[in-house]
Amino acid sequence: MSNPLSVVAIVGRPNVGKSTLYNRLVGRRSAIVEKKPGVTRDRNSGIAKYHGYQFIAVDTGGFEPVAESSLIKQMAQQARLAVEEADCVLFVVNAQEGWTPADGEIYRNLVETGTPLYVVVNKADNPRLEEESFEFHRLGVEKIYPVSAEHNRGIDGMLEEVDQRISLRVAADEDENQELERSDAPVAVAVIGKPNAGKSSIVNALLRKERMIVDAVSGTTRDPVDSLCNYNGQDIILVDTAGIRRRGKVSQKIETFSIVSALKSIERADVTLLIIDAEEGVTEQVTKIAGYANERKKSLVIVMNKWDLVKKDGRTQKEFKEEIYDSLGFINFAPILFVSAKTGQRVPQIFENILKVHEQYVRRIQTSDLNTILQLIVNQHPPPSKSGRPTKIFYGNQVSVAPPTFVFMTNNPEKTNFAYERYMANQFRYHFGFEGTPLNFIWRKKKSTHSKKSGKRS
């Protein structure tokens, strides 16, 4: 099982700058930012890669402990759900407005959860505001973190301490799960997708249909119990998600709640099962969840559930597959299964495909075979040239698995663009297989006797 990224929830009253901080951490303006309070109604989640720190950041709607309108109630509930999923909480307050009684009440609510908590005084845009922000000590906290998300002030120092605390928690979780980290560990499978796609039905169909449950194993200390089963002699852990264990919360129709659980499950998994409601088809949220799995370089199986309810109108499965790949072209290496958890149609094929894609995920290619095929691929379609000089790929080597990762030595790594990588990936799949697994290519400049330049990754 892979080591999961930690989850950091950003919580606070409306208009304290939570979305601005979120955008700063994830490096893109994905959260709507306006001065009008309450703009962020749902939670927005993404992988933050800020100055070497990496974690799952969760933006929330404003946290109102005393909720009057139904909208504010929903926003407050969003924040509470985020806290339940989080490894730590950044409680954001506003340096320009100063301390408010609402801040105190929210802080007391957060303390009761027991989740590690950091008071982040945002909008401390100058030394005066930074000094005045110390009034937030009245919350009863020993340390506060004055920052300016808009001007990128103070964030590094805050994250350094957050990272130290999270690292200790992760180390404790790893110690607790060391039995699962042995070489013959079970294949960890994340069942992901929208809440209404039938994830729990698929899991129940897999466990009931095959009658293979041999035990129940705890995940990390903060995760629910996962299901351990065995198929053809191989132990498989079905990693829990919101849709499997937490029907009550999912039934509240909070769409973005599935994203955080999916991210956590993807991080722990070797294989991801993307469950799609075949009647509904590929939606924007499905595409987003699939993108997370692809970004984390996990092997993947696409499962079209509720296939028995789809009107075929004479169309073949091949035509349906082409339509799905048109929408999810970035994961066109993943096999597609058309199943029905309700009737059991093709459900056993899910286990078969889990083992198949996992085998490809951890597959190694002999160096001699790799370079024979590599020269064939390059001769058939050479990489782009630079200033009239041909780009040469001298040799390649597979350096790791899960996912299969290859290093290619070349005289011109910067010219191996996305289009050529896609060509290479298609050719590798044609010659070697690798169905259901992403491929990772690293391009490095071959050192010569006349140059001491270091290798370069594309």
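Author: The accessible surface of the protein chain is about 21,500 Å² (Shrake-Rupley method, 1.4 Å probe; for residues, only the protein chains shown count as cover), and carbon and sulfur atoms hold 46% of that surface. This is a predicted model, in which local features need pLDDT of at least 70 and side-chain atom pairs pLDDT 80 or more, while totals for chains, interfaces and linings use all residues. Residues are numbered from 1 along each chain as its sequence is written, and side-chain values use heavy atoms, with hydrogens and water left out.

Of the 458 residues of the chain, 52% are buried (under 20% relative accessible area; exposed is over 50%, partly exposed in between; 1.4 Å probe, protein chains only). The chain has 14 helices and 16 strands (DSSP runs numbered from the N terminus: H or I of at least four residues, E of at least two).

The helix to look at is α3, residues 101-113. At 1.5 Å a residue its 13 residues should span 18 Å, and the end C-alpha atoms lie 19 Å apart, which agrees; the expected span is 1.5 Å times one less than the number of residues. Buried in α3 are D103, G104, I106, Y107 and L110. Seen down the axis, the buried residues of α3 fall within an arc of 165°, so they line one face of the helix; the arc is that of the directions from the helix axis to the C-beta atoms. P101, R108 and E112 are exposed on the other side of α3. Just after the helix, G114 has a positive phi of about 80°.
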